[in-house]
Amino acid sequence: MKKVLILLCLLMTSLSAQKFTGLALTPPMGWNSWNTFQVNIDEQLIKETAAVMISSGMQNAGYTYIVLDDGWEAKERDGNGNLVADPRRFPSGLKSLGDYLHSKGFKFGIHNCAGTKTCSGYPGGRGHEFQDARNYASWGVDYLKYDWCYHGTANAEETYKTMRDALFAAGRPVVFSLCEWGNNKPWLWGSEIGHLWRTTGDVTDCYDCQDVYALGWKYILDTQDGLEKYAGPDHWNDPDMLEVGNTGLSLAESRAQFSLWCILAAPLMAGNDIRKMPEEIRAIITNEEVIAIDQDLLGKQGYRFMQHPGKEIWVKELSNGAWAVCFFNSGDKALTVRVNWDHLSFLNGTYKIRNLWDKKDLGLTDKNFNPHIESHDVVLVKLNPVK
Ligand code: GLA
């Protein structure tokens, strides 16, 4: 009898201790408020953003999640310990906002923190995980980005497990985004806990600047090489959000970040003010052939195949024997690359070349290819095998 009871207990624990599976078979796509607005967010901004995501074609291109980052909360929990939205900036409340986003065909994402406070000083989740998860479920939350400020001496894996279990117990499927900055190598333990995990500190809108908290995307890119083996359907490396369209990047740097994030099978979270997005940025963010590289169902993260000073080749294996190849000019002068396809040792046979930014077919890989690439820009091609 005792043995049966112990077995029953073990079974119940394992049934309750799991993540919701199948929610992120391809990397999540959406928009997040942080990169442009920091804590200055309100329900009008969110509704205007939703409207432009529809009218700009972003929703049709696959951007589904609208995520309120830090700053949505009131400064204190209520008398019963519940998290509450700032009543001034979210007067209709989050249940109403969630219903609105759902009625427009979006999924509703929210940010909080595994520590006692969020990085901007709002109430964090520590010690309130199960109560918070029930509130999120009641508001219709579909995506939780869970940060790592004010964690004290907490163990990262255990802390994120607690929130995973709380979400599961609340019963509403939620994509769980671990925002632990890569401090404790979440790629080694995150796949049983969340659907994606940050691998780095915060991105900012420059090419290769860096300070303690903020990093240009090139710096982040360099730290992603080698992590590819840890990613796959339902468990993605997250090199942080897109800075595409933000002021510190040239058009080439925006196009290059987008291309390389697609090679990395990164979550595609736009972080610009899309209400003011110029056409050339809209064209980058909604290029469906490039997005298809990110969203390819094989679910393999790409890797750096070659690096010389000022030039790199990043490649990603795709379904049906195809490959994406990204020629990246990381230097500060334009260059012409001479590509002998025979030197790309992962290829097998002859392929048709499709330039994904120019949207042009460029013939076969049976002759050399000499793309001209501006500084910090890319030439991104898809290679389809000739049967
Ligand atoms: C951390 C995260 C950012 C953002 C801010 C909000 O820095 O890494 O992505 O969520 O917190 O305060």
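Here is a walk through this structure, from the whole chain down to single residues. The model is predicted, so local features are reported at a pLDDT of at least 70 and side-chain atom pairs at pLDDT 80 or more, while totals for chains, interfaces and linings use all residues. Residues are numbered from 1 along each chain as its sequence is written, and side-chain values use heavy atoms, with hydrogens and water left out.

Let's start with the whole chain. Its secondary structure comes to 11 helices and 18 strands; these are DSSP runs, helices being H or I with at least four residues and strands E with at least two, numbered from the N terminus. Along the principal axes, the C-alpha trace spans about 70 × 55 × 40 Å. The radius of gyration is 22 Å, which agrees with the value near 21 Å that a compact globule of 387 residues would have. That radius is taken over C-alpha atoms, and the globule rule is 2.2 Å times the number of residues to the power 0.38.

How much of the protein chain is buried? Buried residues make up 54% of the 387, where buried means under 20% relative accessible area, exposed means over 50%, and partly exposed lies in between (1.4 Å probe, protein chains only). The chain exposes about 16,500 Å², with carbon and sulfur atoms supplying 52% of that area. Accessible areas come from the Shrake-Rupley method with a 1.4 Å probe, and for residues only the protein chains shown count as cover. As for contacts (heavy atoms within 4.5 Å), residues 24 or more positions apart account for 70% of those with a separation of 6 or more.

Now for the cysteines. A disulfide here is a pair of cysteine sulfur atoms within 2.5 Å, and by this rule the count comes to 2. One of them joins C119 to C149, with 2.1 Å from S to S. This pair links distant parts of the chain, 30 residues apart: C119 is in the loop between β3 (107–113) and α6 (129–139), and C149 is in the loop between β4 (143–147) and α7 (156–170). The link of C119 and C149 is right-handed, with 100 degrees about the S-S bond. C119 is partly exposed at a relative accessible area of 34%, whereas C149 is buried at 15%.

The other disulfide is formed by C206 and C209, whose sulfur atoms are 1.8 Å apart. Their link is left-handed, with -80 degrees about the S-S bond. C206 is buried, with a relative accessible area of 13%, and C209 is partly exposed, at 33%. If you number the bonded cysteines in sequence order, the pairing reads 1-2, 3-4. C262, by contrast, is in no disulfide; its nearest cysteine sulfur belongs to C326.

Aromatic rings come next. The structure holds 19 aromatic pairs. Rings of Phe, Tyr and Trp (its six-membered ring) pair if their centres lie within 6.5 Å; planes under 30 degrees apart count as stacked, over 60 as edge-to-face and the rest as tilted. One of these pairs is Y207 with W217, edge-to-face at 5.2 Å centre to centre and 90 degrees between the planes. Y207 lies in the loop between β7 (202–203) and β8 (214–215) and W217 in helix α8 (residues 217–222), so the pair ties together parts that are 10 residues apart in sequence. Both Y207 and W217 are buried. Elsewhere, Y146, W148, Y160, F176 and W189 form one aromatic cluster.

Some rings also have a charge sitting over them, meaning that NZ of Lys or CZ of Arg is within 6 Å of the ring centre and within 35 degrees of the ring normal. The charged end of K75 sits over the ring of Y122, 4.1 Å from its centre, and K117 lies over the face of Y150, at 4.7 Å from the ring centre.

Finally, look at two backbone angles. K185 has a positive phi of about 50 degrees although it is not a glycine. K185 is placed in the loop between β5 (175–178) and β6 (196–198), and it is partly exposed at 45% relative accessibility. N320, also not a glycine, has a positive phi of about 55 degrees. N320 lies in the loop between β12 (311–317) and β13 (323–329) and is exposed, with a relative accessible area of 68%.
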